[in-house]
Structures are given as C-alpha cells and as structure tokens.
Amino acid sequence: MSTDTNDTESGESGGHCSTPDSDGEVAEEIAIISFERKLDTAREIKEGIGDGYERVDIVEYHGDVFEEHWGEYDCFVGLMASGIAMRKTAPLLDDKWDDPAIVVVDEELTWAIPITGGHHGANQVAHDLSQLGAVPAMTTASEAAGKQGVESKAKALDTHVVNGDSTVATNLAVLNDELGPVARLDGPKAVLVGDDVTVLKRNADDGVVLGTGTVSGVKKSQVLDAWEAALSDLGLEFSDVDFVATGTRKEGEEGLYDAAQEIGAGVVLFEKETLAEFEGPSPSRSKELIGWPGIAEASAIAGGREHELAREKERFDDAVTVAVGR
C-alpha cells in the first residue's frame, strides 16, 4: 500500500526545536500509520497537531509499513492496537538513541501510549495528542514520578546528550532528588567524567535565563508581557533567552508553557531542594507559607552559567514574578 498522497504535505514548523538533536530526542517528522477505515481519524490528528512539526504524513497500513519507512521518521503514531505496533516494530529495534519513537493511539482518541522512545520524542508526541482529548499514558520512570528526566532537561536546554549510556545513572539520581542543576562550563577546557555523568552539548550560544514564578491559571499573555518588561529593562529581547527556569510545582502550568513555546524556549524544572541551595537575595513569602524558596530568583540563579542574577525579581500584574539569571 502506498502513502496517501492527499495527506503527505509537510506541516509548518511550530513550537518545537526547529533542528532535531543528534540523539533524536526531539520528534519533528512524524508518520501516522493508519488502517484505511481509520483515515478520517488520522486526518483529525494531523490537523490537530500538524502545525507543531516540520512534517506529518499519513501512511496507510500494510504488513511491512514500519520496516519500509524505518529511519525516515522521528516518530511513528500507530492508529492501531498496541499489540500490532509492538509485533511489527520489535524486530526492527536496535538502539534507543537511533530508533524512531513509537506512540499508539486508539480510534476514539482516548489514550496516547508511548511504547518506545519515551524520552526521544514519544512522550512529547503523546503530550501533544492530549490537545485532542487523548490521555498521555507516560510510563518512563521520571515522568511517572512527576520529575524532569535528563533527556527532557537536554531538550529544554537546547542541547543533545553526548554519552547516552550515562542517562541510566543520572535519571536514577533524578528520581532520588540527587542530581541538582546542570553544571555549565565554558571552554576551552578539558573535562574528565565518569560513566555516571551525562554530558550535554549545546546546539546554540548561551543567553540569559528567565526565572519565573506564576499564580495558578496564569494567562500566556501575562507571562509574555512580564518577560518582555524584564528583558527590556536589560536591553534584551526574547532571542537572548537561553531557557525558562521554574520549580517542579509549576510543571504543566499551561500559560507558562504556552508562553515558552511562543518564544521558542524550553522550560527547565528545578526541585525544591535544589532551589533551596540557590535562594535569592529578595525576601519571599512562599518560604514561610509553603516551605518553598522564591522560585523566580532561585531558579534564575540555579540555571545561570555564573549562578548570578542579572536582574532581581519583580512581580507583574499580580500574576507573574520574573528574575533574570546569567
């Protein structure tokens, strides 16, 4: 069976990183594998998430479809039973750093289940499918525990993992709250590391870090306005932002994530214990009320190359607090 030529045009590039990392963790080119009777649903999926990817093709299912297109796409979305996808792709799997990610979704768009490559695009795609009502069934340990794994940190930092085998140890440290912030070194410099140290290499030049705290239910426009005001005071623009930093308690805050996507920045989450080590100079009521240090300053300091503030925190619109780290 051939590709459905009515549905193979490329989607526009959206909020995801425009250039896939060398470890394949960012899915940009997707094939939706669908039985003929489910093509309407496949088109619904493409319409719903297609603008966020460089290419979304609909390919009609046949017995060798995965093998035929293996290596052509970053991620396969199987509109089929998980057993079919597993049986057809298992013999093709070789290396998690090179294999495409695989997500299965049912015809009613009830569940989006990453089967392989959770940290290499499948979780990302499953999360995007939640926009259509599907529940993303994340089973990777860090995500299941509500923590940000090393591969997810790498994506948010616009970096790629150099030594993939190390992530077993470092993701275990994430689960045990033992990893702390990513150490950032400027060269020229020679670094000797062990097997339990994950090395991340930047894909672009460094910029500043937007440490951000928000009220629940904050609007994207409120976050963008606050960031713009804080950066303007330093003579900076959104293009100067390296990434957005916040606390794990703000994970999934829709307005914050939508704003980060708008400016093309990743979101790095810091644990409470890490933020306590980098507490900022300004007083914060959150420490006495909920036991957390001020998120904006602490996350900006923890995320910055020099662990210093370029701008102390300021609260905007009674909804967003921003500090700028360097």
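User: Let's start with a strand. Which residue in β11 is the bridge partner of G247?

Analyst: Keep in mind that this is a predicted model. The bridge partner of G247 is F270, in β11.

User: What unit do β10, helix α9 and β11 make?

Analyst: They form a right-handed β-α-β unit, with α9 covering residues 254-263.

User: And how do I read the side chains along a strand?

Analyst: As a general idea, side chains in a regular strand alternate between the two faces of the sheet. Here, V267 and L269 of β11 point one way, while V268 and F270 point the other way.

User: Are those four residues of β11 buried or exposed?

Analyst: All of them are buried.

User: Which residues lie nearest the centre of the largest cavity?

Analyst: K153, L179, G180, E271 and T274, out of 13 lining residues. By class, that lining splits into four nonpolar, four polar and five charged residues. Our strand β11 (267-270) turns up again here: β11 and α10 (272-277) each supply at least two residues of the lining.

User: Why does the largest cavity lie between domain 2 and domain 3?

Analyst: Because domain 2 (161-202) and domain 3 (208-325) both give residues to its lining.

User: What is the volume of the second largest cavity, and what lines it?

Analyst: Its volume is about 70 Å³. The lining includes K153, G180, F243, V268 and F270. Seven of its lining residues are nonpolar, two polar and two charged.

User: What about an open space? How much space lies in the second largest pocket?

Analyst: The second largest pocket has about 760 Å³. It is lined by 28 residues, and V182, A183, T198, V199 and L200 are the closest to its centre. The elements giving two or more residues to that lining are α6 (150-156), α7 (167-175) and β8 (200-202). In class terms, the pocket lining has 14 nonpolar, five polar and nine charged residues.

Key: Residues are numbered from 1 along each chain as its sequence is written. This is a predicted model: local features need pLDDT of at least 70, side-chain atom pairs count only at pLDDT 80 or more; totals for chains, interfaces and linings use all residues. Side-chain values use heavy atoms; hydrogens and water are left out. On a 1 Å grid over the protein atoms alone, a cavity is a set of points where a 1.4 Å probe fits but cannot get out, and a pocket is an open set with protein on both sides within 12 Å along at least five of seven lines; lining residues have an atom within 4 Å of a point. Ala, Val, Leu, Ile, Met, Phe, Trp, Tyr, Cys and Pro count as nonpolar, Asp, Glu, Lys and Arg as charged, and the others, Gly among them, as polar. Domain bounds come from an automatic or database domain assignment. Grid points are joined across faces, edges and corners, and a volume is the space filled by probe spheres set on the points. Buried means under 20% relative accessible area, exposed over 50%, partly exposed in between (1.4 Å probe, protein chains only). Two strands pair if DSSP finds at least two bridges between them. A crossover is right-handed if, with the strands pointing away from the viewer, the path from the first strand over the helix to the second runs clockwise.
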